[in-house]
Amino acid sequence: MPSRVTIDGNEAAAWVAYRASEVIAIYPITPASPMGELSDTWSAAGVRNTWGAVPQVIEMQSEGGAAGAVHGALQAGALATTFTSSQGLLLMLPNMFKIAGELTPAVIHVAARALATHALSIFGDHSDVMAARSTGFALLCSASPQEAQDMAVIAHAATLEARVPFLHFFDGFRTSHELNTVDRLDEDDLRALLDEPLVIAHRHRSLSPDHPVLRGTAQNPDVFFQAREAANPFYDALPGIVQRRMDALAERTGRRYRLFDYTGAPDAERVIVLMGSGGTAAAETVAALVAGGEKVGVLTVRLYRPFAADAFVAALPATTQRVAVLDRCKEPGSLGEPLFQDVLTALAEREGTMPLVTGGRYGLASKEFTPAMVKSVFDHLAEPEPRRRFTVGILDDVSHLSLVVDRSFTTEPDDVVRAVFYGLGSDGTVGANKNSIAIIGKHAGGHAQAYFVYDSKKSGSVTVSHLRFGPRPIGSSYLIDRADFVACHQFGLLEKIDVLDVAADGATFLLNAPFDADEVWEHLPANVREQIVAKGLRFFVVDATEVAQQAGMGRRVNTVLQTCFFALSGVLPLDEAIVAIKGAIQHTYGKRGQAVVDRNVAAVDSALDGLQEVTVPADGAALVPVAAPVNAGADTLSRAIAAMLAGRGDTLPVSALPVDGTFPVGTARYEKRSIADEIPIWDPSICIDCAKCAIVCPHAAIRMKVFPAEDLDGAPEGFPTKDWRDKHLPGMKMTIQVAPDDCTGCGICVDTCPAHAKEAVGHRSINLEPKLDHLEVERERFDFFLSIPEIARTLVDPATVKGSQMLEPLFEFSGACEGCGETPYLKVLTQLFGDRMMVANATGCSSIYGGNLPTTPWTANRDGHGPAWSNSLFEDNAEFGLGMRLALDAQEFQARALVAELAPDLATALSATDPHSEAGVAEQRLLVAQLLERIANDDRPEAHRLAALAGALVRKSVWIVGGDGWAYDIGFGGLDHVLAAGRNVNVLVLDTEVYSNTGGQASKSTPRGAVAKFAAGGKQSGKKDLGLLATSYGNVYVAHIALGADNPQTVKALAEADAWNGPSLVIAYSHCIAHGSEMQKGMRQQKLAVDKGYWPLWRYDPRRAGPGEHPFQLDSRRAKLPLTEFTANEARFSMLRRSRPEEAERLGALAQHDVDERRLVYEQLAEIEHEPDDPPTKENDDEA
Amino acid sequence: MKPDLRSTYLGLELKSPLVASASPLTGNLDSLRALEEAGAAAVVLPSLFEEQIEHDETLVDVVLERGAHSYGEALSYFPEMDDYNTGPNAYVEHVALAKKALSIPVIASINGVTPGGWVRYAELLQQAGADAIELNVYAVETDPYASAASVEDRTLRLVSRVHGALTVPLAVKVGPYYSAFANTASRLSDAGAAGLVLFNRFLQPDIDLETMTVKPELHLSSNEEMQLPLRWIAILRGRVPASLAATSGIQSSEDVVKLLLAGADAVMLASALLRHGPSLLTELTAGLTAWMAEHDYESVEQLKGSMSQETCGNPRAFERSQYVRAIVDYQTGRTMK
């Protein structure tokens, strides 16, 4: 009896890959990261592979590096693997050609994901693996978590025999993250399926000084071609080998696979060909249609490369008249997508009549692919003249390629329970659902599936869980659209999401509500009432929030609602379910401690007491007004954004979207997510005008304005202000205002506020108070606040804390984590230079909260000026930003020449401006406006040319922004080159010391002794000193800053970096959720980091590199207390102390030494006079 | 003839009345061995704090859950570790190891929060080999509606429950802040306390004038503090069946003698050992022996309680009379040294 486990596709594949490998080189990328994380965790725990060895797991600096390491390991005779997706696979391509060209057995496991084109997408399709189809790797596809395990072992077994390396792939998220019941292969299965003699043969072919050979030669035209053809027999033999391995698996497990698996009518006339998870939806549909007498079938491709045409033809019923080949990718300009072309060729070359073959695209970036869509393809094939090319799943009103889908068609069987849960990330809904399906999966004969839809916001994020339970394996690879059970775990979501849209007639609806059964009705939104009545739902409420609070669970309502679910759904007998829930609680939380288990158990025990059925009133459907939909503007694009915000993005037609991925800025302000429970309220009576609350606010939700008293005309009653105490701006008023619907309630402002009431020291000038007590008043005040004119930039000194905070932020209300440590830097950057800055943003957290649709926090001022932002890739960001600089310089150079020719007086005036002062920039804008006016009616070609270039005459600031994963690791080579190039670019590294966006994997910035993913045993090596490396060029301005420790130094460093007419590198300490410290105290923790010597503040300014000057300036003092005073507050350090105290002690001592040593070096550097021989200044620009 | 230093505390036979009470020194095996070698007759291990355990467990949970399962690219932010070593395991293991390393009695101590927690941990520590369990009962009661009687009743119920669950003897370490301490002590004894440890010292708040924050602090005890246990041991001696241990401020062998005279069965040291190291025990033992020899006391048993309130010949001296004397002295200037 095989062990039945409930795992996702990543774990299923990694389970095999780990046990079949000796060297595993990893690098994080969504959605493949968990495969590397599991391997690292297993290796740290000493788990052995099939042959008794613990695999070596190493994190590399990029996927390119991982592929290189795998290549080397293979050449030296090891069994090596890696895991990747999307852009990562692209970086592996060069090595893949080599590995295949050298006929080396290897497997790369890929969670297939869209490639970034007009936009990045983390979701699943086949564009990445299709880009690898010419590498010479065999491509083997699995369609479910079970298959992810089975195809993984087939790949590892077959590659050893075939000597052709394999790319094993499955659909990102849909399979990689779908939990499903899997019959797990045990160690004996693996030993039986992986032939050891073939492993030994691989070793014999390896490079060794004991029997040296030469591999990796350069070949001339005389032999390269012939040698390339020499490998053909291996590819010819491969399909047979794979089929034999599939048969061997079937013999051991009963699970039978074929190179092309056909299912459907034996005499089918219409057949769909596709590969991946969509095959299960297609098979389900075919079964339903065949039962209805239709002659249809589906052919699922498993081995895609080499394409075994004979096997394909043999698998296709001879009766087939029409074929639709579905590709989950797009190859613009081609005659058809790759699978379509292969099928076409295979059919064209066989003997006999040629069926009609059409090619369609579906499912790009995890677009849903449902039985209704499959049916629409079959229906279309039945039409007299089906389209030769089509799309399915979208409405294409531009090229008119899309098929019409009858969404009412469904194949969901009656004996499968379907449940959908709406919750918040923070309430534990997903975790509880994972436990629920594990429980049902363990139950004899039970099968379960779970798929989770996550938010792209990192704060206040909503999750939707789709769970199916049934007596047979569940393949349905699509979201539930008709649920028997709907639970809404947060009452507030009823207003935001149409949660009952998914409810089937007669379904059960469970609502967590702060109301009893007899009063809840009047609090329900109209559409909820309507649907309860119209669909005849059974409706239950429970005050899970109260029960959870009582049980000491805080806001985690998951356990309470999970228990109610089991009670109402009847998937298991209740007594049995409760025992199982408690068992699952012990399993999940037992390691954390008894207190955690006890609280969860208490929540289970009291869950059902409060569960009440609601009797729907007779006049139940009586309406209450519906809240007005979000109105982001009137144009098409704004309407599209509004639709996305309302969760209706799937319904947008092709025409609603931009052709090139260009979107307007300033849209985050329309979201009004209102996720805070408490918001900061200002008490002007004790305010000391320090502006710290505003500068630390990660969400630009605390704003300061300084203005003349007359601007208060029309202010709402009680609008708080106070006198602004500043001799340069006499007689002005100031106010501090919260954006109540945009604040996340993180509390950083309150923790930072230095002004205390004399009478009650705990009362500050800004205090968190319940939002609902203040919402209406603060909304009105915020609206008025926005209407107060901005202060003229020329009146303030932006390079100061107060000055910068008087200016309008052009980065606001991002979806970053509550209390994010990165965003305050970006916000202050926009206050300093926002109206004239370009931003090249490396992929990572900042590109997600900066540019993940539907909205963006980047915005423009009233003149329409603001940061121009773009994200290219992860690895190329420095180069991308340098390109922007080169373009600006080229344009400025031409513009200057043209002005000199067309308007010499303005040219003179322009050269007289001081580009480094606000006044100078304002003057430049004025002169450019004059220039444009003057040449507006000038018909000379030069004038037209100048009009397009004149903007470059106003000084621009290029900021290259990214995290430490980019700067220290994957992008370091490019960053180094860009710094060395000497051009005027500014680099801001938001250093969280970990890959934050992908869930906390170690980077070379991760300090020694910190626990991170990929460093589960504690990071062994010390942190790389990126700043010090950059100083070695001599002409790079470098600053090490920490906002929470020293606001003025931060602002000064950013201003100095901008002013330096050469490359600048600013490394900004950013506290992060992945540090495991309290986010509200993030700024205080930053100060501790500096005070305890962990993060020294310093600046290296090439302008101070004259004779007798000291360019290296230490801005923080030597630490008096040990590092542990800082590290004790962060789980990344304390986890190791808990888990492995002795190792923590050892690494802690080394980490203290790292800090002491660095201080010693810095103190000596600060004494050094430095005079680089080539201080680059204007000359570089002039060359341009 | 060398005086006999043996004493009985909690029914345990001690080679002398000198006990090393809970401090960092008893939290470490090496220093435990040094304490035994220097003459400690028993050791009390640092308290297992239920609140700390709960706090640690909760924190591990909070850290692992924060931001988890919310955002598709980062479903967690930390690797799952083999073990977080939360819970009482580390403490229980320390008890077992201490028991193995030492031949003197090992007393384990608990500071609980929940009734279930007290009993569960007491049983665990007994299983680990503790020769006795000391309950460290004290909580700052801030509820203006909770009466002294109800708080005391709660403590008594707790002692009785733990007592019922144990086979080894139970000591209760209490603070001095009771209106009718003699009565409380007597009821504790009735509820199952085989010994009373007088008195517990607590973390007290302090205010940092620089940062304007409140900081709880614990200072090492000073010599004057021993007078409070001295008084109450003298009063309770002979009045309650429980054996009595003195703690707080004991520094010299004279202090030890005084407390034995007042009626202590055991004299516990922590601050002085932290200041001077385990070897202080050797000095105190020698000092005690010398004093007894000099004053012709044959045994500690003979010495114990010979100047209790009952036996000192001037019972009022342990009551208000001292106050009266002090005022007289002050007026005559005799105490103004």
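Residues are numbered from 1 along each chain as its sequence is written, and chains are lettered from A and ligands numbered from 1 in the order in which they are written. Because the model is predicted, local features need pLDDT of at least 70 and side-chain atom pairs count only at pLDDT 80 or more, whereas totals for chains, interfaces and linings use all residues.

Between the two chains, 39 residues of chain A are in contact with 32 residues of chain B; two residues are in contact if their C-beta atoms, placed from the backbone, lie within 7 Å. On the side of chain A that touches chain B, the elements giving two or more residues are helix 2 (33-44), helix 15 (429-442), helix 21 (594-607) and helix 39 (1131-1139) of chain A. Helices (H or I, at least four residues) and strands (E, at least two) are DSSP runs, numbered from the N terminus. Helix 39 of chain A provides the largest share of this side, four residues. By class, the side of chain A that touches chain B holds 15 nonpolar, 17 polar and seven charged residues. In this classification Ala, Val, Leu, Ile, Met, Phe, Trp, Tyr, Cys and Pro count as nonpolar, Asp, Glu, Lys and Arg as charged, and the others, Gly among them, as polar.

Helix 15 of chain A also meets a helix of its own chain. Two packed helices are described by the angle between their axes and the distance between the axes. The axes of helix 15 of chain A and helix 19 (residues 558-569) of chain A come within 9 Å and cross at roughly 40°; axes are lines fitted to C-alpha atoms, for helices over the stretch in contact, and angles run from 0 to 180 degrees between N-to-C directions. Helix 15 of chain A and helix 19 of chain A are therefore oblique to each other, given that angles under 35 degrees count as roughly parallel, over 145 as roughly antiparallel, 65 to 115 as roughly perpendicular and the rest as oblique. In this pair, T429(A), G431(A), A432(A), N435(A) and S436(A) of helix 15 of chain A meet N558(A), T559(A), L561(A), Q562(A) and F565(A) of helix 19 of chain A. The contact comprises three nonpolar, seven polar and no charged residues.

An open sheet of chain A is formed by six strands in the order 9-11-10-13-14-15, with mixed pairing; two strands pair if DSSP finds at least two bridges between them. Its edge strands, each pairing on one side only, are strand 9 (260-264) and strand 15 (389-392) of chain A. On average, neighbouring strands of the sheet are turned by 25° against each other, direction ignored. Strand 9 of chain A runs antiparallel to strand 11 (residues 296-301) of chain A, and five bridges join the two; Y262(A) has L299(A) in strand 11 of chain A as its bridge partner. Helix 11 (residues 278-291) of chain A lies across strand 9, strand 10 (270-274), strand 11, strand 13 (322-327) and strand 14 (356-362) of chain A, and runs at about 160° to strand 11 of chain A. Helix 13 (residues 338-349) of chain A also packs on the sheet, where it touches strand 10, strand 11, strand 13 and strand 14 of chain A, and its direction makes about 150° with that of strand 13 of chain A.

Strand 4 (residues 80-84) of chain A is largely enclosed by the rest of the structure, since five of its five residues are buried. A residue is buried if 20 or more other C-beta atoms lie within 10 Å of its own, exposed if 12 or fewer, and partly exposed in between, with C-beta atoms placed from the backbone. A80(A), T82(A) and T84(A) point one way from strand 4 of chain A, and T81(A) and F83(A) the other way. Strand 4 of chain A runs parallel to strand 2 (residues 23-26) of chain A, with two bridges, and I24(A) has T81(A) as its bridge partner. With strand 5 (residues 107-112) of chain A, strand 4 of chain A pairs in the parallel sense over four bridges.

Strand 28 (residues 837-841) of chain A is mostly covered, five of its five residues being buried. It pairs in the parallel sense with strand 30 (residues 957-963) of chain A over five bridges.
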